Amino acid sequence: MKKLSKLSCIVALLLSVTFYAQESNPIIEGIVKEANENSQLERLAHEMLDVIGPRLVGSPQMKQANDWAVAQYGKWSISAKNEKWGEWRGWERGITHIDMVSPRIQTLDGTQLAWNPSTSKKGVTAEAIILPTVKDSMTFKNWLPNVKGKFVMISMNQPTGRPDYNWEEFATEESFKKMKEDRDAQTKAWRENMSHTGYNSRTIIAALEEAGAAGIITSNWSKGFGANKIFSARTKKIPTVDIELEDYGMLYRLAEYGNKPELKIVAESKELGAVPNFNTIAEIKGTEKPEEYVILSAHFDSWDGGTGATDNGTGTLVMMEAMRLLKKFYPNPKRTIIVGHWGSEEQGLNGSRAFVEDHPEIVKNIQAVFNQDNGTGRVVNLSGQGFLHSYDFLGRWLNAVPKDISKHIETNYPGAPGRGGSDYASFLAAGAPAFSLSSLSWSYWNYTWHTNLDTYDKIVFDDVRSNAILTAILTYMASEDEQSTPKDKIVLPMSRRTGEQMVWPTPRSPERKGMLEEK
Ligand SMILES: [Zn+2]
């Protein structure tokens, strides 16, 4: 009797589990079907990346993107606005054209860095020279007048343009090992020589400009075929361009062998003074608990060597598509759903920090923040970010996600609070339950992150689609949850570095006047 009842209990339990798992939810089914059969991702990506282009803070393209997103949400009947949070030095990229004109003519692959001071239309023609090997700062000081009227190449000449994975595949073991040892030795010598000059790779730029250099040439190789990282110029009046490894190496050898390469650099741009910065915020109002919030989060800005396709075009696409899906299948959410397309993440999480600072009433009532910002890949990691009960609520929400999506996700509960890297950290620092939907890399760090190759063709739409479905369902589940998210934090461990107990990160104020005031 007893045995039988136990067995029947188990059978009943199994049946109910099976039944629960197969229970259909028209909202979730609708989201999945629409995302798969009527995806807007490709069109949105084209409009954002090909038509508008990169979204550097302070550039007219950033503002165009803000306006485009508001208009797009309008077409989906989602209310949206641009919320001003600061100002930045306005700058618009113009034509870059770099030619070697002697000892022969060749058009080179390179571009001006962001905020580069414009050359005239005719550009600057000058010889390109390399830094000398010096024994001390006095020797360097004596050499410095040589830069007058010259372009100065300030990056190390890479010994190989082949990424290590390529060597690993084809080189003999001994040859690969030798290359790495030689490269390490060369890098060490380069650093030592730089410190002998009395400067570092940043401060030397001002010294060269002051000594009358005609321009600065860098090559910030990203360790992948054809990939260079493109950041901002540090010169005040003379141009700074980055030239890709292949051409930089050639110029370097020409200079080293005494062939005196001459370049013509045209690098036009426009200074636009102080321009306003915005976050684009869209909202689907909650019906039962409108004063509680689920926030979708992805920074909207980018560097401008490519078009910011995977940093963070793809995160932006995920959140826009998720909002569209939610509006269509879950138009009357229990809690208010907000999406934040933040400005100026790249200069220090500025847009999201401003939002957190400006909206304490929202931040204290957050049910969850879902941020995505590390490339095009499907989500493979989710951390509880140090919230004691994260296993309960994140586990519950994740359980509603189709298995073919959730099976790729490794969870880590309760985890530890992230301290930066992307905008979820701005919310986390204020104690809000904020999570990072962390992606599979697809060679993000070398090939697309802040590079000239961060373009539409690198997007893996199947993975982005999967992320949009995931985000929409997590948002729906978080919004519907009976329980408001418990914000109890774990007791943080002792730091191995300092031996002291670690503390929860604290909020930081944004830079609200970027590159406008001398510090
Ligand atoms: Zn990013």
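Helix axes here are lines fitted to C-alpha atoms over the stretch in contact, and angles run from 0 to 180 degrees between N-to-C directions. With that in hand, welcome to a short tour of this predicted model. The chain averages a pLDDT of 95, and 95% of the residues score at least 70.

**Helices α13 and α17**

- The axes of helix α13 (residues 390-398) and helix α17 (residues 461-480) come within 8 Å and cross at roughly 125°.
- Angles of 65 to 115 degrees count as roughly perpendicular and those over 145 as roughly antiparallel, so α13 is oblique to α17.
- The crossing of these two helices, α13 and α17, is right-handed.
- On the α13 side, the contact is made by R396, W397 and L398, which meet L470, L474, M477 and A478 of α17.
- Sorted by class, the residues where α13 touches α17 are six nonpolar, no polar and one charged.

**Helices α4 and α10**

- Helix α4 (residues 60-75) and helix α10 (residues 309-329) have axes that come within 11 Å and cross at roughly 20°.
- Angles under 35 degrees count as roughly parallel, and therefore α4 is roughly parallel to α10.
- Where α4 passes α10, the crossing is right-handed.
- From α4, the residues W68, A69, Q72 and Y73 meet M319, M320 and M323 in α10.
- This contact of α4 with α10 has six nonpolar residues, one polar residue and no charged ones.

**A three-stranded sheet**

- Three strands form an open sheet in the order β15-β14-β17, and the pairing is mixed.
- The edges are held by β15 (410-412) and β17 (438-439); each has a single partner strand, so one side of each is left without a neighbour in the sheet.
- Strand β14 (residues 379-383) pairs with β17 in the antiparallel sense, over two bridges.

**Where to be careful**

- Over residues 15-20, pLDDT stays under 50, and the model has one contact beyond four places in sequence for this stretch.
- Where pLDDT is low, the predicted coordinates should not be read in detail.

Conventions
Residues numbered from 1 in each chain as written. Predicted model: local features only at pLDDT ≥ 70, side-chain atom pairs only at ≥ 80, totals over all residues. Heavy atoms only, no water. Helix = DSSP H or I, 4+ residues; strand = E, 2+ residues; numbered from the N terminus. Left-handed = near helix turned anticlockwise from the far one by under 90°. Contact = heavy atoms within 4.5 Å. Nonpolar A, V, L, I, M, F, W, Y, C, P; charged D, E, K, R; others polar. Pairing = 2+ DSSP bridges. pLDDT = per-residue confidence, 0-100.
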